[in-house]
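This report describes one protein chain, part by part. Please look over the sequence and the model before reading on.

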Amino acid sequence: MAGKFEVYKDTAGEFRFRLMAANGEAVLASQGYASKANALNGIESVRANAGDLDQYEKSTTDTGKLRFALKAKNHEVIGQSQNYESASGRNNGIEAVGRAVDGAEVEDQT
């Protein structure tokens, strides 16, 4: 079941997007962009890279939480996950990105 991309403007005036799963949970969040066009390009990069497991970088925070980042082919981070308690939770999060991006529409909240 498809999710959706939400494009919004943060309190600092930057454009961001988040990928929402079909259940309404955010599964990937972007960095801030100076323009909406750049944020939309970031969404296209998520679409292009989400299906390639080699583009996910898994990491551990200083407090021991697990997370992942989706990277473009040029190794730039496109989006990051929430923190997870377990490796299985993190892996489920990566799978959720793949499911959510398939057919996801863009909702402009700006």
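## Strands 5 and 6

Lys71 stands opposite Val77 in strand 6. Strand 5 and strand 6 pair in the antiparallel sense, over three bridges; two strands count as paired if DSSP finds at least two bridges between them. Strands (E, at least two residues) and helices (H or I, at least four residues) are DSSP runs, numbered from the N terminus. The model is predicted, so local features need pLDDT of at least 70 and side-chain atom pairs count only at pLDDT 80 or more, while totals for chains, interfaces and linings use all residues. Residues are numbered from 1 along each chain as its sequence is written, and side-chain values use heavy atoms, with hydrogens and water left out.

The hairpin of strand 5 and strand 6 has five residues between the strands. His75 lies in this loop and has a positive phi of about 75°, although it is not a glycine. With a relative accessibility of 61%, His75 counts as exposed; exposed means over 50% relative accessible area, buried under 20%, and partly exposed in between, with a 1.4 Å probe and protein chains only. Strand 5 itself is largely enclosed by the rest of the structure, because five of its six residues are buried.

## Strand 4 and its hairpin

On strand 5 there is also a pairing with strand 4: five bridges join the two, which run antiparallel. One of the bridge pairs is Ser59 with Arg67 in strand 5. The hairpin of strand 4 and strand 5 has five residues between the strands, and Gly64 takes a positive phi near 90° there.

Glu57 is found in strand 4. Its relative accessibility is 39%, so Glu57 counts as partly exposed. Tyr84 lies in the loop between strand 6 and helix 2 and, at 11% relative accessibility, counts as buried.

Strand 3 (residues 26–30) and strand 6 (residues 77–80) run antiparallel and are joined by two bridges. Ser30 has Gly79 in strand 6 as its bridge partner.

## The nonpolar core

In soluble globular proteins, nonpolar side chains tend to be buried together. Here the largest nonpolar core has 26 residues, and those with the most contacts inside it are Phe5, Phe17, Leu19, Val46 and Val97. Such a core is a set of buried Ala, Val, Leu, Ile, Met, Phe, Trp, Tyr and Cys residues joined through side-chain atoms within 4.5 Å.

The elements that give two or more residues to this core are strand 1 (4–9), strand 2 (15–20), strand 3, helix 1 (36–49), strand 5 (66–71) and helix 2. Helix 2 gives the most, with five residues.

## The largest pocket

About 170 Å³ of space lies in the largest pocket. A pocket is an open set of points on a 1 Å grid over the protein atoms alone, where a 1.4 Å probe fits, with protein on both sides within 12 Å along at least five of seven lines; lining residues have an atom within 4 Å of a point. The volume is the space filled by probe spheres set on the points, which are joined across faces, edges and corners.

The lining has 14 residues, of which Ala21, Asn23, Val27, Ala96 and Arg99 lie nearest the centre of the pocket. Helix 2 (residues 87–101) gives the most to this lining, with six residues. By class, the lining has seven nonpolar, five polar and two charged residues; Ala, Val, Leu, Ile, Met, Phe, Trp, Tyr, Cys and Pro count as nonpolar, Asp, Glu, Lys and Arg as charged, and the others, Gly among them, as polar.

Ala21 belongs to the loop between strand 2 and strand 3 and is buried, with a relative accessible area of 17%. Ala21 and Gly98 are 77 residues apart along the chain, and their C-alpha atoms are separated by 9.6 Å.
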